[in-house]
Every structure is written in C-alpha cells, then in structure tokens.
Amino acid sequence: MSEGRTLVISPNWIGDAVMAQPLLQLLKRQHPARPIDVLAPPSVAPAWRAMIEVDSVLETPFRHGALQLRERWRYAKVLRARGYVDAYVLPNTIKYALIPWLAGIARRVGYKGEMRYGLLNVVHHDDTPKRAMVPFYAALAGAPGAALHAGVPCPALRVAPEQIHQVRERHGMGGAGRLVVFAPGAEFGAAKRWPARHFAALAQSVREQDSSARIALLGSPKDREACAEITALTGTDGIHNVAGATSLAEAIALIAGAAAVVANDSGLLHIASALNRPVIALYGPTDPDHAPPFSDVARSISLRLACAPCRQRECPLGHHDCMEKLEPGIVWQELRQM
C-alpha cells in the first residue's frame, strides 16, 4: 500500500535550493519509500533535477510577485490528485503557504514567515540569529525546536559523466586540458562582484602555469557584460565566455567536470560545492560564515574589513574596498594548490 508522497516547495534562488538539499536527504532517511516531488520556479528547476532524492520536479506556473489566488486554487486541485501526505514550504511568504493548504495536504511544515499560522500546522521559529542556510532548512525535518541529533549532511548534486562530455563538446571545450570555471556574476548586485581585471589576472596566472587549461566564464545573460570585460583583457585563447549561452542544466554539467571553480557568493558557487568540486569562494559585502562552500576542498576568502559585511547591493561608502583590495595574487596562491 502506498504511503503517499511528499511535496517540497522550492525557494526562488538557485543557491538556496542547493542549500535545502540536505533536508531531502533527511526526509528520505525517515521515509525511504515515500517519493519526494519539488514545486520550483522554472529558473531553479534544473538544480532540483540533479538531486537523486527527487522523484518529480513540477514547475510553478505563477508570475513572480503576484498573488494570483484563482491560479493557485486551480493548481492546488492538480496537486490534490497526486496524493501528498505532507508538504514543506521553504519560502517565507503567505502565497506559497496557500498552495498546500488549498490542496488539502494534511501536514504542512515551514517557518512562521509572514504569520502563516493555520496555513501551516507544523510551525518552526527562526530563533537562532545568523544561522547558516543548510541547517536552517534541514531543521524542518525534525520537530520545531528539536536538535538534529544525526547531524546535517552536505548538499549533493549528481551529473552523469556522459552528460559532462556532451556539454563540453557542444560548447567547444572538449578534448584534453583541465577545465577551470570562473563565475564572475552575482544576482544580488554589483557589490558582490570581484573586479573583471582581477579575474583576468587570475586567468593569466592559470594559463601561464598550464597552457592547455581551458577557462569557462559562466553566468546568466546579465553576466555577459562582466564576462566580456574579462575576455577583453585576456583575449580569447583558451577562454570561453559562455555566460548566457548555456542553460542552467548545461552550466551544472560544466561545473561538474571542472578541475576547480572560482566564484563570487552566488548560486553557481553553491552548485560547485554540491558537486564537490574544488572551490574558491570570494566574499565582500556578504558574510562568509552565512553560506560557506562545503566541498572537500574549499576555501572562503574575505578581507573581513571593518565595514563588512554590509549586505548592500552597492558599496555605501563608494570605494568597494572589500573586493577591489582582494588582490588576484591572494586567490592564485590558493588556486595554484588546488
């Protein structure tokens, strides 16, 4: 007899989705035979498809920011037919808590968020200031206020070797030579970005040590300009600017085959970590302790200036010293060892 299904409602950001993956590992330990479905925005769905715990990924049909109550009620009828016995609501908004309530899912778990009593009936409280994101989501697997006695596993993504090979060939990165991935973008804002000239200098150091190495510049269409600045300084020999030219699934495959990844505090950083690639994470206006990389080989680099972390999209002091003064030589010293 089937024990029903579990629904997980995804956060809207790639990095948060990756850091929520240990929650699924813990849920699978509790109910190994219970399939887990994830309801996610189309932009985040490929990250969930790389998680072996996920049975089906359902893409949200809703517009960003809109309540769309009628559309949510219709979609809830679709979910009701799938036989969910519990739901984990990871975003903190009322509109996402509405969905499992409208679908009649008996057990609805999440943080209080926007005063969601009633819509949720297993309500957790975020009473730990500055809690790292992985244990923040993983705590939902237990009772409110309970400690995670078994500890929190690391996020883990999986990509088949043949998929890595196909994507490298498709984007002109096949053949011999190690692949080093740079992720120069950051959705949060310009303050998170390490300067293009620093990335260019680091690329030069990589190529001087290993002339057969290929460097992939990854990101969304919004990052193409930042990546173009790097290639303008380095030239294109061995440098592949594919920002905006890959799907997220392809970017995940390229990262999975990388010898090392250098990234700002971004979704691609957390994907690299979950694929257990050697990773260097660059922090300026954000807290390196809040969402650190968790690969076996990982290094967080932050100057930890007195004005940081300011958590602002643009430098409020106008100098951007937290990233400008993070010299390429500091990063190369770590990357060279990797």
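**Close-up views of the predicted chain**

**View A. His320 lies in the loop that runs between strand 12 and helix 12.** The model shown is predicted: local features require a pLDDT of at least 70 and side-chain atom pairs count only at pLDDT 80 or more, whereas totals for chains, interfaces and linings use all residues. Residues are numbered from 1 along each chain as its sequence is written, and side-chain values use heavy atoms, with hydrogens and water left out. Helices (DSSP H or I, at least four residues) and strands (E, at least two) are DSSP runs numbered from the N terminus. Although His320 is not a glycine, its phi is positive, at about 55 degrees. His320 counts as buried, at 15% relative accessibility; buried means under 20% relative accessible area, exposed over 50% and partly exposed in between, with a 1.4 Å probe and protein chains only. Arg304 is found in the loop between strand 12 and helix 12 as well. Arg304 also has a positive phi, of about 50 degrees, without being a glycine, but this residue is exposed, with a relative accessible area of 51%. Pro309 belongs to the loop between strand 12 (298–302) and helix 12 (321–324). The peptide bond leading from Ala308 to Pro309 is cis, its omega being near 0 degrees. For comparison, most residues other than glycine have a negative phi, and most peptide bonds are trans.

**View B. Helix 10 (residues 248–256) is mostly covered.** Eight of the nine residues in helix 10 are buried. They are Leu248, Glu250, Ala251, Ile252, Ala253, Leu254, Ile255 and Ala256. The cover over these buried residues includes helix 1 (14–19), helix 3 (45–49) and helix 7 (161–170), together with strand 7 (179–183), strand 10 (260–264) and helix 11 (267–274). Contact, here and in the other views, means heavy atoms within 4.5 Å.

**View C. Helix 11 is mostly covered, with eight of its eight residues buried.** The buried residues are Gly267, Leu268, Leu269, His270, Ile271, Ala272, Ser273 and Ala274. Among the elements that cover them are helix 1, helix 10, strand 7, strand 10 and strand 11 (279–283). Just after helix 11, Asn276 adopts a positive phi of about 60 degrees.

**View D. Asn264 is placed in strand 10.** Asn264 counts as buried, with a relative accessibility of 0%. Leaving aside residues up to four places away in sequence, Asn264 touches Ala183, Pro184, Gly185, Lys192, Arg193, Trp194, Phe199, Leu269, Leu282 and Met323. One of these partners, Leu269, is a buried residue of helix 11.

**View E. Met51 sits in the loop between helix 3 and strand 3 (54–59).** The relative accessible area of Met51 is 2%, so this residue is buried. Met51 and Leu157 are 106 residues apart along the chain, and their C-alpha atoms are separated by 5.1 Å.

**View F. The chain is assigned domain 1 (5–141) and domain 2 (162–336).** These bounds come from an automatic or database domain assignment. The C-alpha centres of domain 1 and domain 2 lie 30 Å apart. Where the domains meet, 13 residues of domain 1 are in contact with 13 residues of domain 2.

**View G. The whole chain provides the setting for the close-ups.** Its secondary structure comprises 13 helices and twelve strands. The radius of gyration is 21 Å, close to the 20 Å given by the globule rule for 338 residues, so the chain is as compact as a globular protein of that length. This radius is taken over C-alpha atoms, and the globule rule is 2.2 Å times the number of residues to the power 0.38. The C-alpha trace spans about 60 × 45 × 40 Å along its principal axes. Buried residues make up 55% of the 338 residues. Of the contacts with a separation of 6 or more, 61% join residues 24 or more positions apart. The accessible surface of the chain is about 15,000 Å², and 52% of it belongs to carbon and sulfur atoms; accessible areas come from the Shrake-Rupley method with a 1.4 Å probe, and for residues only the protein chains shown count as cover.
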